[in-house]
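Let's walk through this model together, moving from its sheet to its aromatic rings and then to an annotated domain. Please keep the structure open beside the text as you read.

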Amino acid sequence: MSGKPKLYYFNGRGKMESIRWLLAAAGVEFEEEFLETREQYEKLLQAGSLLFQQVPMVEIDGMKMVQTRAVLSYIAAKYNLYGKDLKERALIDMYVGGTDDLMGFIMMFPFLSAEDKEKQRAFIVQKATSRYFPAYEKVLKDHGQDFLVGNSFSWADVHLLEAILMVEEKKSDVLSGFPQLQAFKARISSIPTIKKFLEPGSQRKPVPDDKYVETVRRVLRMYYDVKAN
């Protein structure tokens, strides 16, 4: 296991998308193996590649890493996107944790019924505009710098931009009352590695569709209905 990191997941966003974002932000090329059948998943299990019997799984630097947060932390530290000291790392962890909470409301959206999707859409926008975006707006205003932590581009910035774009897919003008976040979005989107990842033809995945949902359900044998928050 050497060379480019190799990502094992479905051909869609899910928990792997933040890993794709962070690798792309670091300018790291990566390969992907998409899970399309139950047999592929069981082969990984039988090989002992999935420590907790779950994907995402990433082969990197001779390791087979699972647990999304552990993978992201490793990538952030390896590519100098994790702050310059322990205090900055703590702030990055805190901001990423908040962003993760917001993303969690969106993650299972594709698996909801049509009725529940409308309820969840309103719930996502409400949480974003009343809890999470005001917090980041204040951080940026009080901080007075271009980035969330210190004055350096970090994992926290990548994660927040990803979340902003996800919420904008639910309500396009969701940043209308947040001038600091509007400026932040423009700045981070213009960073060359991010700009490249946002262009058509990149390894960024589109909004999950019915094919993605069906594949995940079949491979993981998800026979239950997901409920809205």
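Across which strands does α1 lie, and at about what angle does it run to β1? Before the answer, a word on the ground rules. This is a predicted model, in which local features need pLDDT of at least 70 and side-chain atom pairs count only at pLDDT 80 or more, while totals for chains, interfaces and linings use all residues. Residues are numbered from 1 along each chain as its sequence is written, and side-chain values use heavy atoms, with hydrogens and water left out.

Now to the answer: helix α1 lies across β1, β2 and β3, and runs at about 165 degrees to β1. Helices (H or I, at least four residues) and strands (E, at least two) are DSSP runs, numbered from the N terminus. Axes are lines fitted to C-alpha atoms, for helices over the stretch in contact, and angles run from 0 to 180 degrees between N-to-C directions. Helix α3 (residues 68–78) also packs on the sheet, where it touches β3 and β4, and its direction makes about 125 degrees with that of β4. Contact here means heavy atoms within 4.5 Å.

The sheet itself is open and has four strands in the order β2-β1-β3-β4, with mixed pairing. Two strands pair if DSSP finds at least two bridges between them. At the edges are β2 (31–34) and β4 (63–66), each of which pairs on one side only. On average, neighbouring strands of this sheet are turned by 20 degrees against each other, direction ignored. Strand β3 (residues 57–60) pairs with β1 in the antiparallel sense over three bridges, and Tyr-8 stands opposite Met-57 in β3.

Next, the aromatic rings. Rings of Phe, Tyr and Trp (its six-membered ring) pair if their centres lie within 6.5 Å; planes under 30 degrees apart count as stacked, over 60 as edge-to-face and the rest as tilted. The count by this rule comes to ten aromatic pairs. In one of them, Phe-10 and Tyr-212 have ring centres 6.5 Å apart and planes at 85 degrees, so they meet edge-to-face. This pair links distant parts of the chain, 202 residues apart: Phe-10 is in the loop between β1 (6–9) and α1 (17–25), and Tyr-212 is in helix α9 (residues 210–220). Both Phe-10 and Tyr-212 are buried, where buried means under 20% relative accessible area, exposed over 50%, and partly exposed in between (1.4 Å probe, protein chains only). Ring pairs also link Tyr-9, Phe-10, Phe-111 and Tyr-212 into a cluster.

Another pair is Phe-105 with Phe-123: the ring centres are 5.0 Å apart and the planes at 90 degrees, so this pair is edge-to-face. Phe-105 belongs to helix α4 (residues 86–107) and Phe-123 to helix α5 (residues 114–143), so the pair ties together parts that are 18 residues apart in sequence. Phe-105 counts as buried because its relative accessibility is 15%, whereas Phe-123 is partly exposed at 22%.

Finally, UniProt places the feature "domain: GST C-terminal" (unreviewed entry) at residues 85–209; such annotations may be inferred rather than shown by experiment, and feature names are shortened, with positions given in the numbering used here. Over residues 85–209 the chain is 67% helix and 0% strand. Thr-99, in helix α4, is buried with a relative accessible area of 2%. Leaving aside neighbours within four places in sequence, Thr-99 is in contact with Tyr-136, His-159, Leu-160 and Ala-163.
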